[in-house]
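Please look over the ligand site with me. My notes follow, point by point.

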Amino acid sequence: MKTTSLDKILQSQGFGTRRECREMIQAGFVCVGGELVSRYDAGFDPEGLEFSVHGEPWTYREKLYIALNKPSGYECSRKPSHHPGVMSLLPDPFLLRGVQAVGRLDHDTTGLLLLSDDGAFIHALSSPKRHVPKLYVATTAEPVTEALIAQLQRGVKLHDEPAPLKAEVRQLDKHTLEMVLEQGKYHQVKRMLAAAGNHCTALRRTAIGDLTLDSLGLADGGWSYIEPAQVMPKPA
Ligand code: URA
């Protein structure tokens, strides 16, 4: 069995530099499988390793895949400027290990946001070639009309996009539309609604690929670990 030293394992999980991890271990703040380990060079098989740091339990994860129910008033950037960042809703080690949002939601958009430190996963989900659908529920200022739906389905031209952008659209009530987008252009839903003569007053993302926000049962601001296959089944 291949083992890795405990300081390296902790560093990989976002608990600080190698030196900081060594100091934490030597100070007696780290347990593995319920037993205190004070030698930083003690070797363990990282796969599925259960450990605790300052009494808080963790399981080793080579890569992190997180679903967050984003509340309004948070920015997706790792260096937010006007509002708190979504990273402040997650444990500190996630930031240190380089977790980032997969695409962005506006600060006032709520709902399903994925975060990861797996570059291939982020790329695959963001790639226009993969056509991963994203489902939004948009509230409109003006009542929804047949003409609005037809226009969004035919495609609307946004000034910096070469081709018209289309959405699959379903009316939920007088002021609410469900829209499925396959791209993730800047302010896409809001700009499409504005270009079609209406105005978006609230926006919530309710699904990405096969993963629905409802299935996760997350409170506002709550998060959970997910598996990539919950979002994107492997190509056959
Ligand atoms: N479209 C928007 O306009 N805003 C979002 O946050 C996401 C999609």
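Predicted model: local features only at pLDDT ≥ 70, side-chain atom pairs only at ≥ 80, totals over all residues.

1. Next, the names. Around the ligand you will find Leu 105, Asp 106, Thr 109 and Tyr 136. His 187, Gln 188, Val 189, Lys 190 and Leu 203 are there as well.

2. Which helix gives the most to this shell? Helix α6, residues 188–195, does, with three residues.

3. Sort the shell by class. Four residues are nonpolar, three are polar and two are charged.

4. In the side chain of Thr 109, an N or O atom lies 2.9 Å from a ligand oxygen. His 187 uses its backbone: a polar atom there is 3.2 Å from an oxygen of the ligand. Lys 190 also has a polar backbone atom 3.0 Å from a ligand oxygen.

5. How much of the ligand does the protein bury? Alone, the ligand exposes 240 Å², and the protein buries 96% of that.

6. Last, the location. The largest pocket is where the ligand sits.

How values were computed. Residues numbered from 1 in each chain as written. Heavy atoms only, no water. Near = heavy atom within 4 Å. Polar contact = N/O pair within 3.5 Å; in protein donor to acceptor, adjacent residues only side chain to side chain. Areas by Shrake-Rupley, 256 points an atom, 1.4 Å probe, with all protein chains shown as cover. 1 Å grid on protein atoms, 1.4 Å probe; cavity = no way out; pocket = protein on both sides within 12 Å on 5 of 7 lines; lining within 4 Å. Sits in = over half its atoms within 2 Å of the grid points. Helix = DSSP H or I, 4+ residues; strand = E, 2+ residues; numbered from the N terminus. Nonpolar A, V, L, I, M, F, W, Y, C, P; charged D, E, K, R; others polar.
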